[in-house]
Amino acid sequence: MTRPAHPMDEPPPSLADPREMLDAYLDYYRAVVLRKLDGLSEAELRTSRLPSGWTPLELLRHLTFVERRWLRWGFFGEPVDAPWGDRGPDDRWQVPDDLAAAEVRARFEEQCAWSRSAIAGVPLEQRARTGGRFAADADAPALGWILFHLLQEYARHAGQLDVVRELADGAVGE
């Protein structure tokens, strides 16, 4: 897997292999999300500045579960406890009050490391296993589709964090 030379840099324009680009851009946006949260206090991480009410910490926990749902439960068909555990009874993202921000971040980083390792070398055209998220072969997407879906999810949420961070303390940029 090709990684950006510096965590602030977008993957190099010389990349041409679709797999290398997917892997590199996923890592890039994972890093962007974490950078957007760096420097925010625990209170700021748990404060919403948006009408929808989600907080930066809830978004980070959501992304942890997104990777888990799409790769562990989805692609690999593994049984997982509470695949939708990032949602509360009202179907909104939630972080338990007793779960520290550092622990949410550590779980995110652990899930990302697991994801990187688990999909390394797996062909993009390989279809997801059934028995987890997908009941039938016809419903099981290819790994390439899943990774592209994850990429768009990260890019969208990183953009949302751009706005939230600017509202929180004026910080802008990737």
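The structure is a predicted model, in which local features need pLDDT of at least 70 and side-chain atom pairs count only at pLDDT 80 or more, while totals for chains, interfaces and linings use all residues. Residues are numbered from 1 along each chain as its sequence is written, and side-chain values use heavy atoms, with hydrogens and water left out.

Helices here are DSSP runs (H or I, at least four residues), numbered from the N terminus. H1 covers residues 18–37, and its 20 residues should span 28 Å at 1.5 Å a residue; the end C-alpha atoms are 29 Å apart, in agreement. The expected span is 1.5 Å times one less than the number of residues. Of the 20 residues of H1, 15 are buried, so the helix is largely enclosed by the rest of the structure. Buried means under 20% relative accessible area, exposed over 50%, and partly exposed in between (1.4 Å probe, protein chains only). At the N-terminal end, aspartate 17 caps H1, with a side-chain oxygen 3.1 Å from the backbone nitrogen of arginine 19. After H1 comes glycine 39, whose phi is positive, near 90 degrees.

H1 also meets helix H4 (residues 101–119): their axes come within 12 Å and cross at roughly 175 degrees. Axes are lines fitted to C-alpha atoms, for helices over the stretch in contact, and angles run from 0 to 180 degrees between N-to-C directions. H1 is therefore roughly antiparallel to H4, a term for angles over 145 degrees. Contact (heavy atoms within 4.5 Å) involves Arg19, Asp23, Asp27, Arg30 and Leu34 of H1, together with Arg105, Phe108, Glu109, Cys112, Ser115, Arg116 and Ile119 of H4. These residues divide into four nonpolar, one polar and seven charged.

Threonine 64 sits in helix H3 and counts as buried at 9% relative accessibility. Leaving aside neighbours within four places in sequence, threonine 64 is in contact with Val104, Arg107, Phe108 and Gln111. Arginine 92 lies in the loop between H3 (56–75) and H4 and is partly exposed, with a relative accessible area of 32%. Not counting residues up to four places away in sequence, arginine 92 touches Ser52, Gly53, Trp54, Glu58, Asp86 and Arg87. Arginine 92 and glutamate 58 are 34 residues apart along the chain, and their C-alpha atoms are separated by 9.2 Å.

Definitions and conventions: Helix = DSSP H or I, 4+ residues; strand = E, 2+ residues; numbered from the N terminus. Polar contact = N/O pair within 3.5 Å; in protein donor to acceptor, adjacent residues only side chain to side chain. Parallel < 35°, antiparallel > 145°, perpendicular 65-115°, else oblique. Nonpolar A, V, L, I, M, F, W, Y, C, P; charged D, E, K, R; others polar.
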